[in-house]
Amino acid sequence: MKKWTTVTFAAAKGKQKLGCCTAYDACFARLADEAGVPCILVGDSMGMTMLGYDTTLPVKMEETLSATAAVARAVKDALVVADMPFGSYQCGDDAAMANAVACLKAGADAVKLEGGARVCGLIRRMTEAGIPVLAHVGMTPQSVNAYGGFKTQGKTREAAAQVLADAQAVEAAGAFAVTLECVPDDLAATVTAALKIPTIGIGAGPVCDAQWLVMHDLLGLNEGHVPSFVKKYADLASIAKQAFAAYVGEVAGGVFPPPRA
Ligand code: KIV
């Protein structure tokens, strides 16, 4: 297979639907890459999937850089996108630029940041500096406290118009693709038709150009709340628990390790 770039990813719009996912370490990133996942997001969802927090807000820049470097070391073909954590691009554009540069130095091919019109100045500055940006509009989890929970966005006519305007603004600012999270299917279809860049949906219906799933949801590793739009493609939590229990049982029973010759 050939290495995916932001250019080939964007060019797939209208030709190939792309199933993309998150990964946060070298082991699972290598498996996803070898299975043909075209784009791997080192998501700030790691705060919830890997670090045990209730939201993505506590994730630190050092954690993103360490995970991005691990994923980038393992991946051969997938596009690697580092998700800029909360606080890494809200505290001034110079600091945001330095953090985005650090993501690329850690091995990312691009960065993702949340927001529409309000982050367009930053998207423009990054893309002009050669840092490809994947935008994220609709439900942006870093705004969970402003929403009062993880809630579908764009449900009223005005809110839907705002999501469309945000998506058009990030495209005009230079984003190579845009994540559409938790918006009604018909709004996702309208945005997808209105843009030249690909939309990557999560909880946004089937019409988007590509899809995200969080790796722990896809593999059945998440035993907490799983959003209703998720499809679980495996039940690794059960398999892992059976293996741990079998090991504990065999050690307790004197079966493992066997005597060595
Ligand atoms: O962090 C993440 O996993 C994400 C996806 C939901 C797109 O931002």
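**Entry 1: the largest pocket**

I looked up the volume of the largest pocket and noted about 710 Å³. I recorded that a pocket is found on a 1 Å grid over the protein atoms alone, as an open set of points where a 1.4 Å probe fits, with protein on both sides within 12 Å along at least five of seven lines. Grid points are joined across faces, edges and corners, and a volume is the space filled by probe spheres set on the points.

I noted that this is a predicted model, in which local features need pLDDT of at least 70 and side-chain atom pairs count only at pLDDT 80 or more, while totals for chains, interfaces and linings use all residues. Residues are numbered from 1 along each chain as its sequence is written, and side-chain values use heavy atoms, with hydrogens and water left out.

I then examined the lining (residues with an atom within 4 Å of a point). The largest pocket has 33 lining residues, and Met48, Glu181, Val214, Asp217 and Pro227 lie nearest its centre. At least two lining residues come from each of helix H3 (46–49), strand E4 (110–114), strand E6 (177–181), strand E8 (210–213) and helix H10 (215–218). Helices (H or I, at least four residues) and strands (E, at least two) are DSSP runs, numbered from the N terminus. By class, I found 14 nonpolar, twelve polar and seven charged residues in this lining. Ala, Val, Leu, Ile, Met, Phe, Trp, Tyr, Cys and Pro count as nonpolar, Asp, Glu, Lys and Arg as charged, and the others, Gly among them, as polar.

**Entry 2: the ligand**

I located the ligand in the largest pocket; to sit there, more than half of its atoms must lie within 2 Å of the grid points. Among the residues around the ligand I listed Thr22, Leu41, His136 and Trp212, a residue being near if one of its heavy atoms lies within 4 Å. This shell has four nonpolar, four polar and four charged residues.

I next checked polar contacts (pairs of N or O atoms within 3.5 Å). A polar side-chain atom of Asp44 is 3.0 Å from a ligand oxygen atom. For Asp83, I read 3.0 Å between a polar side-chain atom and an oxygen atom of the ligand. The side chain of Lys112 has an N or O atom 3.0 Å from a ligand oxygen atom. The ligand taken alone exposes 260 Å², and the protein buries 96% of that, by the Shrake-Rupley method with a 1.4 Å probe.

**Entry 3: the second largest pocket**

I noted about 230 Å³ of space in the second largest pocket. Its lining has 16 residues, with Gly138, Thr140, Tyr147, Gln162 and Asp166 closest to the centre.

Definitions and conventions. A polar contact is a pair of N or O atoms within 3.5 Å; within protein, one must be able to donate a hydrogen and the other to accept it, and residues adjacent in sequence count only if both atoms are side-chain atoms.
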